Amino acid sequence: MRFGHIWSLRVRMTLLASVIMAMLCGGICALILIGVHDRVVNDLSDRLLLYNMRVIRLVEKGRVPPVLSSRKSIFLQVVDPGGRVTAASPQLAGRPRLTDLVPPDDSSRVEREVCDAPGFPDTCLRVVAVRISADGGDWIVYGAGPTTPWYVSRSLLLSLLAGSGLVVGATTLGAYRTVSKTLLPVEDICTELAEITSSDLGRRVPVPRHRDEIQKLAVTVNQTLDRLEAAVERERRFASDASHDLRSPITAMRTQVEEALLHPEESDWPSVAGAVLASLGRLQAIVTDLLVLSRLEAGAGGPHACVDLGELVGSELARHVHRTPVETRLEPGVLVDADRMQLVRLLTNLMDNADRHAESAIVVTVRPEDGRSVLEVLDDGPGIPPEQREYVFRRFARLDAARSKDKGGTGLGLAICREIAERHGGTLTIRDSGKGARFVASFPARPAGQ
């Protein structure tokens with residue numbers, strides 16, 4: 001199991017800071033130990049060389065005593081040209097030669113670490129050997145002292161460990177408190193989000209004062225909640241309007257059947273059946289439009305291809321008979337990259353809307369405009385006031401009786417048209433006209449030859 005997956009961010013960040021500080025302290029302690037160790041070794045070599053030089057002066061004068069005075073931790077030996085130990089410090093009195101270490105021919109001095117020397121089992125010594133010429137031969141003067149361990153001394157090692165422990169502990173505590181304080185706004189955001197339900201979407205998470213990533217997170221969360229609240233509100237209105245519009249034909253059918261059953265012998269059943277079929281047709285149209293909207297919102301649709309907008313509009317208008325005469329102004333070569341069936345649905349809904357409200361004529365235009373492909377449907381009906389031109393694209397929108405959907409629409413056709421236009425990167429708007437409603441769908445134009 002990887003512990004990083006179960007540890008909190010606070011623990012991981014604190015652990016990371018502690019590990020980094022521990023590594024840094026370890027590196028600093030190592031450098032200190034190396035520096036101090038080298039310094040102590042150099043000091044020992046200098047002291048050994050100094051004692052050797054004192055003994056050398058005695059050798060040169062021929063007054064070397066059998067016992068050489070030195071500190072307790074300094075060991076001295078003098079070896080004559082015949083290889084015999086002629087003088088030594090009290091610690092080495094009567095002992096054999098420390099080592100056979102001899103300076104090379106090109107040097108008068110050599111320094112080396114010697115282990116398990118006679119009389120020093122399981123011990124290593126730092127030995128400085130100096131060669132001098134006296135009385136017709138080469139004399140060797142040895143100076144030795146205990147080697148320095150890597151940690152130099154226990155007190156130094158314990159001091160470094162204690163200091164490092166204090167620094168790492170302070171870093172751990174400081175990192176934990178700093179990360180906890182930094183993440184406190186995140187906890188407040190989580191707490192607030194956990195308490196928000198669909199019944200109180202008006203609540204918002206607190207925004208920290210500091211301009212950092214957490215403030216950006218809080219702002220983004222609140223913006224998302226704004227969009228969510230608006231979407232839920234739209235769905236609530238939609239559900240309310242849909243239930244009302246679905247209930248109307250169902251209520252009408254129930255009323256018609258119940259009235260006929262009260263007087264079955266006197267009822268005109270073919271008329272009742274016709275009325276019920278009309279209500280069923282309206283009910284079916286509403287359900288069909290609801291399904292179309294759901295598919296559009298889910299991103300359903302066929303593959304996009306190059307469509308000649310003028311050719312599509314001309315062929316579709318030729319296949320249908322409309323109540324109102326239709327005039328076409330279709331320019332060739334107006335291309336769009338689109339789902340052909342969805343464009344057909346958009347055209348059909350716009351034509352149905354115009355056919356319900358036109359008085360004597362409908363004009364359908366396809367043309368290029370400012371690098372875009374435009375489809376325009378104009379009727380000469382009562383028109384739509386400017387302040388209500390966005391409202392009519394809402395689901396189940398209701399206007400005055402002159403353009404009421406009770407004249408045959410479901411109240412979803414224009415909403416479907418705008419959804420299709422936006423799915424294709426276009427727009428659907430209502431522009432000014434001398435008379436009637438002028439619906440304009442604009443799409444990104446596809447250059448010829450692509």
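**Burial, contacts and salt bridges in a predicted model**

Student: Let us start with Val11. Is it buried, exposed or partly exposed?

Tutor: With a relative accessible area of 36%, Val11 is partly exposed, because that value falls between the 20% limit for buried and the 50% limit for exposed. Please keep in mind that this is a predicted model.

Student: Where is Val11 found?

Tutor: Val11 belongs to helix α1, which covers residues 9-61.

Student: And which residues make the nonpolar surface patch?

Tutor: The patch is made by Ile6, Trp7, Val11, Leu15, Val19 and Met23, and its area is about 550 Å².

Student: Turning to charges, how many salt bridges does the structure hold?

Tutor: There are 21 salt bridges in the structure. One of them joins Arg10 to Glu187, with 2.6 Å between the closest N and O atoms.

Student: Why does that pair tie together parts that lie apart in sequence?

Tutor: Arg10 sits in helix α1 and Glu187 in helix α2 (residues 154-195), so the bridge connects parts that are 177 residues apart in sequence.

Student: Are the two partners buried or exposed?

Tutor: Arg10 is buried, at a relative accessible area of 17%. Glu187 is partly exposed, its relative accessible area being 35%.

Student: What about Glu195 and Arg203?

Tutor: Their side chains also meet in a salt bridge, at 2.8 Å from N to O. Glu195 is partly exposed at a relative accessible area of 43%, and Arg203 likewise counts as partly exposed, at 28%.

Student: Which residue does Arg418 form a salt bridge with?

Tutor: The partner of Arg418 is Glu390, and their closest N and O atoms are 2.6 Å apart. Arg418 is in helix α7 (residues 413-423), whereas Glu390 is in the loop between β10 and α7, so parts 28 residues apart in sequence are tied together. Arg418 counts as buried at 16% relative accessibility, while Glu390, at 49%, counts as partly exposed.

Student: Which residues are linked in a network of salt bridges?

Tutor: The network links Arg367, Glu369, Glu376, Arg431 and Arg438.

Student: Then on to Ser373. Where is its place?

Tutor: Ser373 is in strand β10, residues 372-379. Its relative accessibility is 2%, so it counts as buried.

Student: Asp80 next, please. Is it buried or exposed?

Tutor: Asp80 is buried, with a relative accessible area of 7%. Asp80 lies in the loop between β1 and β2 (85-88).

Student: Which backbone nitrogen lies 3.0 Å from its side chain?

Tutor: That of Gly82, the distance being to a polar atom of the Asp80 side chain. Apart from neighbours within four places in sequence, Asp80 is in contact with Thr86, Asp138 and Trp139.

Student: A change of topic: how many aromatic pairs are there?

Tutor: The structure holds 3 aromatic pairs. Among them is Phe75 with Phe120, a tilted pair whose centres are 4.9 Å apart and whose planes make an angle of 45°.

Student: What parts of the chain does the pair link?

Tutor: The pair links distant parts of the chain, 45 residues apart: Phe75 is in strand β1 (residues 75-79), and Phe120 is in the loop between β3 (109-115) and β4 (124-134). Both Phe75 and Phe120 are buried.

Student: And why is the pair of Trp150 and Tyr151 edge-to-face?

Tutor: Their ring planes stand at 90°, with the centres 5.3 Å apart, so the pair is edge-to-face; the cut-off for that class is an angle over 60 degrees. Trp150 counts as exposed at 58% relative accessibility, whereas Tyr151 is partly exposed with a relative accessible area of 24%.

Student: Lastly, how many Å apart in space are Gly314 and Ala162?

Tutor: They are 91 Å apart, C-alpha to C-alpha, and 152 residues apart in sequence. Gly314 lies in helix α5 (residues 309-319) and counts as partly exposed at 28% relative accessibility.

Methods. Residues are numbered from 1 along each chain as its sequence is written. This is a predicted model: local features need pLDDT of at least 70, side-chain atom pairs count only at pLDDT 80 or more; totals for chains, interfaces and linings use all residues. Side-chain values use heavy atoms; hydrogens and water are left out. Helices (H or I, at least four residues) and strands (E, at least two) are DSSP runs, numbered from the N terminus. Buried means under 20% relative accessible area, exposed over 50%, partly exposed in between (1.4 Å probe, protein chains only). Patches are made of residues with over 30% relative accessible area and no salt bridge: like charges are joined within 9 Å, nonpolar side chains (Val, Leu, Ile, Met, Phe, Trp, Tyr) within 5 Å. Accessible areas come from the Shrake-Rupley method with a 1.4 Å probe; for residues, only the protein chains shown count as cover. A salt bridge is a side-chain nitrogen of Lys or Arg within 4 Å of a carboxyl oxygen of Asp or Glu. Rings of Phe, Tyr and Trp (its six-membered ring) pair if their centres lie within 6.5 Å; planes under 30 degrees apart count as stacked, over 60 as edge-to-face and the rest as tilted. A polar contact is a pair of N or O atoms within 3.5 Å; within protein, one must be able to donate a hydrogen and the other to accept it, and residues adjacent in sequence count only if both atoms are side-chain atoms. Contact means heavy atoms within 4.5 Å.
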